[in-house]
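Thank you for making time this morning.

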Amino acid sequence: MICRLDDLARRFRGGLESVTALAAKAAPPLVRLALALPFLRSGLTRWDGPGGLSAGTLYLFKEQFRLHVLGAEYPLPAPDLLAWLTACAEIGLPVLLLLGFGTRLAALGLLVMTAVIQLVFPDGWANFHLYWAALALGVVTLGPGGLSIDRWIDRALPSP
């Protein structure tokens, strides 16, 4: 009876180790994808053709979006520039994440964006911002994973 339990425990541990090894390979690209998608979808709505911001985006940044700091609301500084920078970042940073290129810096950029978005939409913490921040921190911590340009570059460079 004890031998059977030991064998069963050994098989269970072996199976668990296999699942863990598979998850360790699958997690980084999936976390990158999960973080990239909401920002990329938002970024695609900001443009009105190549190179031009949509009138709706400019209106939001000039008239609707406000920073909520210490119980007061403030207009965004330089709303035209901020709208353009945001629109570029919402496309560029997710693309970098999806490619796994500059992965940790791209995730850090989206973490900073999430913090600013939290100041604009303070009620979004529990529904969206906590999720985005956790994913960004996960990417910064886990790195790009094996399926990434970063890993390819790392392997191609000589070791010091």
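I will start with the conventions, then go to the helix contacts, and end with the aromatic pairs.

This is a predicted model, in which local features need pLDDT of at least 70 and side-chain atom pairs count only at pLDDT 80 or more, while totals for chains, interfaces and linings use all residues. Residues are numbered from 1 along each chain as its sequence is written, and side-chain values use heavy atoms, with hydrogens and water left out.

Helices here are DSSP runs of H or I with at least four residues, numbered from the N terminus. Axes are lines fitted to C-alpha atoms over the stretch in contact, and angles run from 0 to 180 degrees between N-to-C directions.

Let us take helix α2, residues 55-64, and helix α3, residues 79-99, whose axes come within 9 Å and cross at roughly 125 degrees. The two are therefore oblique to each other, a class left over once angles under 35 degrees count as roughly parallel, over 145 as roughly antiparallel and 65 to 115 as roughly perpendicular. On the α2 side the contact (heavy atoms within 4.5 Å) is made by T57, L58, F61 and K62, and on the α3 side by P79, D80, L82, A83 and T86. These residues divide into five nonpolar, two polar and two charged, where Ala, Val, Leu, Ile, Met, Phe, Trp, Tyr, Cys and Pro count as nonpolar, Asp, Glu, Lys and Arg as charged, and the others, Gly among them, as polar.

Helix α3 also packs with helix α4, residues 103-120, at an angle of about 145 degrees and with the axes 9 Å apart. The contact of α3 with α4 has eight nonpolar, three polar and one charged residues.

Now to the rings, which pair if their centres lie within 6.5 Å, for Phe, Tyr and the six-membered ring of Trp, with planes under 30 degrees apart counted as stacked, over 60 as edge-to-face and the rest as tilted. By this rule there are four aromatic pairs. One of them, F39 with W132, is tilted, at 5.0 Å centre to centre and 55 degrees between the planes, and it links helix α1 (residues 2-45) to helix α5 (residues 125-142), the partners being 93 residues apart. F39 counts as buried at 3% relative accessibility, buried meaning under 20% relative accessible area with a 1.4 Å probe and protein chains only, and W132 is buried as well, at 14%.

Key
Buried means under 20% relative accessible area, exposed over 50%, partly exposed in between (1.4 Å probe, protein chains only).
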